[in-house]
Amino acid sequence: MTNAIYRMRLLDGVIGAIALENDACFNGLDTDIAYQFQQVARIIKSRDGLESKRDAFYTAHGGYDTHSDNGVTLTALLKEVDDAIGCFAMEMKSQGVWNNVTVISASEFGRTLTSNGLGTDHAWGGNHFIAGGNVRGGRIHGQYPDDISEDGILNIGRGRLVPTTPWEGLWSGIAEWFGVSSQKMASVLPNLGNFDLNIFGAADLFV
């Protein structure tokens, strides 16, 4: 508790007056997700004063429960994310740390491939991205379904597909890149041993 209070006070004192080279980019977007990435960028820029060796940050972006949307809302939401990450990547390059940063998307559920007449409903499998200066870009990790029709073996109805890649498959490589040793991986990812397909190491995800 004492350390947490110390870190909170240190954070407040260090980042209060931090200016970013790309502040105008974030401010011009004027979206909640852009301001979140802007704050993350400020903390990263303050890493020496905060005595940080490595950090993990969480940003949130809602509005994707599009049961009655024909695609307009989703398009707008994804543009907000794309624009915010664009500003963040420029700032990380300005700070000279883009090769030490990884951005990962995550969600607790996917969307159906078929429409309910107005939009999409809750599903299981989905697509996500990983980005960063050291990420092996331009590739798909995991197995794309051979058949996404109603008769497909992974389709459990209404375009709900069973995932073929566990979250542990991605987090394993990220955790290794982050510095987690093989001896401690089971503690960090206790369910990793339940899967044997599409498990990626740091060499698979990063150059």
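So, where is the place of isoleucine 33? Isoleucine 33 sits in helix α3, and at 3% relative accessibility this residue counts as buried. Buried here means under 20% relative accessible area, exposed means over 50%, and partly exposed is in between, with a 1.4 Å probe and protein chains only. Go from isoleucine 33 to valine 188, 155 residues along the chain, and the two C-alpha atoms are separated by 28 Å.

Quick housekeeping before I go on. This is a predicted model, where local features need pLDDT of at least 70, side-chain atom pairs count only at pLDDT 80 or more, and totals for chains, interfaces and linings use all residues. Residues are numbered from 1 along each chain as its sequence is written, and side-chain values use heavy atoms, with hydrogens and water left out.

Okay, the overall layout. We've got 7 helices and 4 strands in the protein, and reading along the sequence you get α-α-α-α-β-β-β-β-α-α-α. Those are DSSP runs numbered from the N terminus, helices being H or I with at least four residues and strands being E with at least two. The C-alpha atoms fill a box of roughly 60 × 45 × 35 Å along the principal axes. Of the 207 residues, 34% are buried.

Now the inside. In soluble globular proteins, nonpolar side chains tend to be buried together. Here, the largest nonpolar core has 19 residues, and Phe37, Phe88, Met92 and Val101 touch the most other members. The elements giving two or more residues to this core are α3 and α4, with α4 giving the most, at 7 residues. By nonpolar core I mean a set of buried Ala, Val, Leu, Ile, Met, Phe, Trp, Tyr and Cys residues joined through side-chain atoms within 4.5 Å.

On to salt bridges. How many does the structure hold? There are 4, counting a side-chain nitrogen of Lys or Arg within 4 Å of a carboxyl oxygen of Asp or Glu. I'll walk you through some of them.

Take arginine 42 and aspartate 23, with their closest N and O atoms 3.9 Å apart. This pair links distant parts of the chain, arginine 42 in helix α3 and aspartate 23 in helix α2, 19 residues apart. Arginine 42 is partly exposed at 22%, while aspartate 23 is buried at 15%.

Then there's arginine 111 with aspartate 65, at 2.8 Å from N to O. Arginine 111 is in strand β2 and aspartate 65 is in the loop between α3 and α4, so this bridge ties together parts that are 46 residues apart in sequence. Aspartate 65 is partly exposed, at 43%.

And aspartate 121 pairs with arginine 158, closest N and O atoms 3.1 Å apart. Aspartate 121 is in the loop between β2 and β3, arginine 158 is in the loop between β4 and α5, and they are 37 residues apart. Is aspartate 121 buried or exposed? Aspartate 121 is buried, with a relative accessible area of 14%, whereas arginine 158 is partly exposed at 29%.

Asp146, Asp147, Glu150 and Asp151 gather in a patch of negative charge. The patch rule takes residues with over 30% relative accessible area and no salt bridge, joining like charges within 9 Å and nonpolar side chains (Val, Leu, Ile, Met, Phe, Trp, Tyr) within 5 Å. Asp and Glu count as negative, Lys and Arg as positive, and His and the chain ends are not counted; the charge is placed at NZ of Lys, CZ of Arg, CG of Asp or CD of Glu. Aspartate 151 is in the loop between β4 and α5 and counts as exposed, at 72%.

Isoleucine 148 lies in the loop between β4 and α5 too, and is partly exposed at 42%. Together with Leu113 and Tyr144, isoleucine 148 makes a nonpolar surface patch of about 330 Å², using Shrake-Rupley areas with a 1.4 Å probe and only the protein chains shown as cover.

Most residues other than glycine have a negative phi. Aspartate 30 has a positive phi, near 55°; this residue is in the loop between α2 and α3, and is exposed at 53%. Glutamate 51 has a positive phi as well, near 60°, in the loop between α3 and α4, and is exposed at 53%.
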